[in-house]
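Trainee: Could we go through this one together, starting with how its parts pack?
Mentor: Gladly; here it is.

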Amino acid sequence: MTFMCKKVGIYASIMLVCLAVFAACRPKADAASDFRAKLAQLDWGEDTCYVYGHKTPDVDAVTSALAYAKLMRSLGYNCVAKVSSPINRETQYIAQRLGFALPELKTSVQPGTRLIITDHSEYPQCVDGAKEAIILQKIDHHTDGDILDADVPLVRREMVGSTNTIVYDCYKLLGVPIDDEAAKIILAGIVSDTHNLSKSNTIKADSIAWEALATQLRLLDQMAGISKAMIEASYNYDGMTDTEIFLSDYKDYEVDNHLYGIGNITVMQNQVEDMINRMLAVMPEVMARKGNQMLFGLIDVMIPNPDFNNAAKPYVKRGSYFIYYGEGAQRIAEATVGQSIREGVTYSPRNLSRKTHIVPPITQQLK
């Protein structure tokens, strides 16, 4: 009798474990089914659906569009990644280093074109013609912009370090294998946007994806060197005009009919004063060209990491300058960062992020 009770108890324990595993798997299975159902219900039309990151695309914008278009094609949807403006040097470097093809340039789309947008949520950052296009999906890691979540049929927007982390999760959720080509593309975006997991907005999901992809590609012991070379490529401005430098990592914004733009560049400490003066001098020309009411520039200062043993983080930020131009720009800049240290220039000893520390307070002031 005792033996039988023990045997029943063992079977009961096994059943409880199985039920627990089944229950744990159901939410993921339900989420995958829901995702696939939503995709199937989209108005795909008959023509190609283009996948775009934001204008003046960084690595995350380009690679998230590439990887997500590849995911959609694997599910049977006719999607192709494009870029709306030229690709920067960091993106060119990592594509050549890892060996993947970059999207072709397509600067505008016709009315009714189907679009998927990644790494942005603002019409001013979209490919020209986006307002007359049909936006089917938004994959983004910024706060909601004037392309509202509520106005897009399918949205995956999470506050992670890189849009590619969301793309990675989409592959995993849908059970689509990440081949080496996709792994290279996704990893490049995560490394760039998180500075190899060193930026303050990096979360656990970024680290999990980074480790899995670097392991798959057998690159774990090379990631520090790859990241260092990417950072150096990102602030290599040799041969560029000052206008090109200002626009190398630039985004437009619109808040209640207020149009403004923010450039973001990185320089070493001994280049700061010269770069500030050059960017202030070129801002009137850039603002006239863009048609904005105000213009801002975030200039990040980098120094070699004093911790020479930290190979994964070869450079660290040493504060940020925030420069401004245009009517009302001084009030906005000082309310956002602090008192001007000279005309057109504010400074913060803390390391500022355009996404986290600049855009939200400016948006709040302009509303």
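Trainee: Which strands does helix H11 lie across?
Mentor: Helix H11 (residues 354-366) lies across E7, strand E8 (258-268), strand E9 (294-304) and strand E10 (315-325), and runs at about 155° to E8. Helices (H or I, at least four residues) and strands (E, at least two) are DSSP runs numbered from the N terminus, and angles run from 0 to 180 degrees between N-to-C directions, with axes fitted to C-alpha atoms, for helices over the stretch in contact. This is a predicted model, in which local features need pLDDT of at least 70 and side-chain atom pairs count only at pLDDT 80 or more, while totals for chains, interfaces and linings use all residues. Residues are numbered from 1 along each chain as its sequence is written, and side-chain values use heavy atoms, leaving out hydrogens and water.

Trainee: And what is the strand order in the open sheet?
Mentor: The 6 strands follow the order E7-E8-E9-E10-E12-E11 with mixed pairing, where two strands pair if DSSP finds at least two bridges between them. The edge strands are E7 (250-255) and E11 (340-342), and the twist averages 30° from one strand to the next.

Trainee: How many bridges join E11 to E12?
Mentor: There are 2 bridges between E11 and strand E12 (residues 345-348), and the two run antiparallel; serine 340 stands opposite threonine 346 in E12.

Trainee: Switching topic, at what angle do H3 and H7 pack?
Mentor: Helix H3 (residues 89-98) and helix H7 (residues 223-234) pack at about 150°, with their axes 7 Å apart. Residues of H3 including Tyr93 and Ile94 meet residues of H7, among them Ile226 and Met230, contact meaning heavy atoms within 4.5 Å.
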